[in-house]
Amino acid sequence: MEKSRSEMIKQMSDPDTVWDLIVIGGGATGLGTAVDAASRRFNTLLLEQSDFAKGTSSRSTKLVHGGVRYLAQGNIGLVIEALRERGILLNNAPHLVRNESFIIPNYSWWSGIFYSIGLSVYDLLAGKRSFGRSRLISRKELIRRIPNIEQKGLKSGVLYHDGQFDDARLAVSLALTALEQGATLLNYFRVCGLTKEGNKINGVLAEDQETGARYTLKAKTVINATGVFVDEVLIMDQPESRPMVQPSQGIHLVFDKSFLGPHDALMIPKTKDGRVLFAIPWHDRMLVGTTDTPMNAHQLEPRALEEEIRFVLEAASHYLTRIPTRKDILSVYAGLRPLAAPQDDKQKTKEISRSHKLIVSDSGLITITGGKWTTYRRMAEDTVNQAVKVGNLPFRITVTKTLSLHGFKESMEWTDPFFVYGSDALAVKALAREKAEWKERLDPRLPYIGAEVVWATRHEMARTIEDTLARRTRALFLDARAAMDMAPEVARLMAIELQKDAHWEKEQVVSFMAVAKNYLVDG
Ligand SMILES: Cc1cc2nc3c(=O)[nH]c(=O)nc-3n(C[C@H](O)[C@H](O)[C@H](O)COP(=O)(O)OP(=O)(O)OC[C@H]3O[C@@H](n4cnc5c(N)ncnc54)[C@H](O)[C@@H]3O)c2cc1C
């Protein structure tokens, strides 16, 4: 039986409770840590200031990958670790991770040889967790698979396999797994201070963002898993802390899938200015990205810069015959990479390490940052091992290598619009049969129906219409205009479930529109 938000708050605020771990941040890193800790039977609380995956974890390129680029940089250790994690994740969440074929187009014979060799090494490094052998394909086969590819000067292609996923849905699955393992998780709960006994941290101050109520919570260990926000928590501990993170922004443009073929993704290892560009089929659309723009500030809702939009459009125009234009953009989204801050100010973000950093402050605060979605499980395992030492907790070995995540279901039918729910899909479909209006599509441009709104509110902790439109369904990312048109009906359905009034509905629509307009590009 699922616990309600109010039950969880009641349980959390019991003054006698001392948590083994309080995890601050509900992105990939924090959620993974909560799953690892709870499944090792530690008493675990996770607090997220906004919604789960509201930060970087819903804004990725959607790849579960070793990183072909890191291979080119010679970072073999990172690639091996990520390829191992890719295999583990496919085993544990086969309903959310799929094997995708990627094609690198070669416009010179030399690059055909170079990438064939490189990707054979990539296959070898994956060992028994390989997703399939890479191979050189002819120009003719490439054109058959991606008819819109730029054919001028095209010599051949290299086809390889990697993983593809739905990031925010994996976050939801991790949150539900953590709950099932006994953790307490609350979204819209911001940690606004740390409490100490002497100079050692012994808990946090947290504020319910819905009611403004404040709580003092006790813990043996506190984990700072706040992504690009880690420095804010480090400052709560030590006001003079040096910045650990330098945000780097990456954007994606979303187009109709007809610009690509139905199956294969396109990978450009080196654009004119030396960046990697992906064009990926995702939920019946094509995602194109990304950029790598150093930023001085961080925010929860970062906005794509005009020059980034122009860069992605321009880069894509070199590789596609029917060129996507501004008018074709269905949605644009931006995310911030929590890269380790450079020691030398002149260092560019591309060269800053992407492997994760785990540090323990003198106060006992454990901070985990960097890494990538693909390696979240390993990062979580390292973090909980560290918490065991810091908090003198009994050592128990991690079980997450083989822990099936919520919704686990093999042999998914990827054309089923409910596939992201995995084993819950049947229940969502059954819900749709309960009321005629729940069976209806919310907008003809997207497959989502009313029952999914009800499901997200009842079973997936959605609290706002943005939670439902951006991260339970992916409407905002797939077609921002359609999402805006769906907003009033989503507000109405959620208001019934959450017993909210007309004023709430109105406010929800207004605040959603303010966020959603950042996902639109003027024609
Ligand atoms: C453009 C881009 C593309 C990427 N593509 C890929 C990819 O294809 N594959 C891959 O493996 N990785 C990819 N990554 C990397 C991956 O997305 C990140 O490494 C990962 O999402 C980081 O997760 P996180 O939990 O550390 O941070 P976040 O997801 O940002 O989570 C941190 C959370 O902490 C919360 N928080 C902050 N302060 C507080 C507070 N005081 N109290 C409570 N909560 C707080 C925030 O609200 C936020 O939700 C990409 C990253 C970017 C930017």
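Leaving aside neighbours within four places in sequence, which residues is Val204 in contact with?

**View 1. Surroundings of Val204 in the predicted model.** Val204 is in contact with Ile22, Ile24, Leu47, Val191, Gly193, Leu194, Thr195, Tyr215, Thr216, Leu217 and Val222, leaving aside its neighbours within four places in sequence; contact means heavy atoms within 4.5 Å. Residues are numbered from 1 along each chain as its sequence is written, and side-chain values use heavy atoms, without hydrogens or water. Because the model is predicted, local features need pLDDT of at least 70 and side-chain atom pairs count only at pLDDT 80 or more, while totals for chains, interfaces and linings use all residues.

**View 2. The largest nonpolar core.** This core has 119 residues, and those with the most contacts inside it are Met12, Leu47, Val204, Leu217, Leu476 and Phe512. Its largest share, 12 residues, comes from helix α16 (residues 480–498). A second, separate core of 30 residues includes Leu154, Ile268, Val288 and Phe311. A nonpolar core is a set of buried Ala, Val, Leu, Ile, Met, Phe, Trp, Tyr and Cys residues joined through side-chain atoms within 4.5 Å. Buried means under 20% relative accessible area, exposed over 50%, and partly exposed in between (1.4 Å probe, protein chains only). Helices (H or I, at least four residues) and strands (E, at least two) are DSSP runs numbered from the N terminus.

View 3. A polar backbone atom of Thr56 is 3.1 Å from an oxygen atom of the ligand. Nitrogen atoms of the ligand lie 3.0 Å from a polar backbone atom of Thr61 and 2.7 Å from a backbone N or O atom of Leu63. The protein covers 97% of the 1,000 Å² of accessible area that the ligand has on its own (Shrake-Rupley method, 1.4 Å probe).

**View 4. Val233 in helix α8 (residues 230–237).** Val233 counts as buried because its relative accessibility is 5%. Not counting residues up to four places away in sequence, Val233 touches Ile24, Leu194, Asn224, Thr226 and Leu365. Val233 and Ile24 are 209 residues apart along the chain, with their C-alpha atoms separated by 8.9 Å.

Key. A polar contact is a pair of N or O atoms within 3.5 Å; within protein, one must be able to donate a hydrogen and the other to accept it, and residues adjacent in sequence count only if both atoms are side-chain atoms.
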